[in-house]
Amino acid sequence: MINYIWVGMTLIGVIFAMVNGTMDAVNEALFKGAKEGVTLSLGLMSILVFWLGLMKIAQDSGLLDKLSALFRPIIKKLFPEVPANHPAMGYILSNMMANFFGLGNAATPLGIKAMEQLKNLNGDKNTASRSMITFLAINTSSITLVPTTVIAIRMTYNSASPTDIVFPTIIATAISAVGAILIDRYFYRKRVRNGRR
């Protein structure tokens with residue numbers, strides 16, 4: 001469906017440019033956008049390779065395991081239906097650590113694996129469980145310590161100080177994560193009061 005929307009928007013834009021006689025501007029924007037896309041991709045790739053390398057070092061040194069152990073009691077309270085040593089718990093913690101370090105691309109496959117494991121715990125039902133909803137809320141609004149993608153974009157466009165975004169990002173993502181958890185708990189309690197789980 002989304003592909004049809006994109007094609008429709010593109011066709012409408014091209015037809016509008018043809019009617020208004022601005023096809024030159026469309027062609028110029030097309031090639032300029034392609035060039036900027038490649039430049040941006042290369043900039044993002046270098047930053048992501050660096051942070052993924054650091055993440056691998058942290059994993060091999062046991063730092064990620066220590067951070068996971070530190071967060072495990074909190075995660076256990078957020079996901080009381082998930083057994084402590086179930087694979088879903090490991091994927092949830094790994095996903096949160098990747099998001100914590102701003103590695104959204106690395107966090108995505110871990111999040112998908114976590115959802116698959118949570119679905120198994122849910123008995124492969126087509127209805128989302130409490131843990132699945134909670135995980136989705138937390139994953140969408142996770143706390144980010146180092147916003148690598150934003151830093152890479154700022155570096156690509158020659159920002160004077162690309163890391164100035166770190167502290168505001170920590171504050172904004174902490175507020176969004178707390179808000180997501182509070183909203184998740186509110187709706188869960190509302191469902192329980194209405195007699196549904």
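The legends below describe close-up views of a predicted model.

**View 1. Confidence across the predicted protein and its elements.** The mean pLDDT of the protein is 84, and 98% of the residues score at least 70. Among the elements, the lowest mean pLDDT, 78, belongs to helix α2 (residues 23–61). The highest, 91, belongs to helix α8 (residues 166–193).

**View 2. Spans annotated as "transmembrane region" in UniProt.** The unreviewed UniProt entry places this annotation on residues 6–26, 38–58, 88–112, 133–153 and 165–188.

**View 3. Packing of helix α5 against helix α6.** Helix α5 comprises residues 104–121 and helix α6 residues 130–140. Their axes lie 9 Å apart, at an angle of about 165 degrees. Because angles over 145 degrees count as roughly antiparallel, α5 is roughly antiparallel to α6. The crossing of the two helices is right-handed.

**View 4. Residues in the contact between α5 and α6.** Helix α5 contributes G111, A114, M115, L118 and K119. From helix α6 come S131, M132, F135 and L136. Of the residues in this contact, six are nonpolar, two are polar and one is charged.

Technical notes. Residues numbered from 1 in each chain as written. Predicted model: local features only at pLDDT ≥ 70, side-chain atom pairs only at ≥ 80, totals over all residues. Heavy atoms only, no water. UniProt positions renumbered as here; feature names shortened; annotations may be inferred. pLDDT = per-residue confidence, 0-100. Helix = DSSP H or I, 4+ residues; strand = E, 2+ residues; numbered from the N terminus. Axes fitted to C-alpha atoms, helices over the stretch in contact; angles between N-to-C directions. Parallel < 35°, antiparallel > 145°, perpendicular 65-115°, else oblique. Left-handed = near helix turned anticlockwise from the far one by under 90°. Contact = heavy atoms within 4.5 Å. Nonpolar A, V, L, I, M, F, W, Y, C, P; charged D, E, K, R; others polar.
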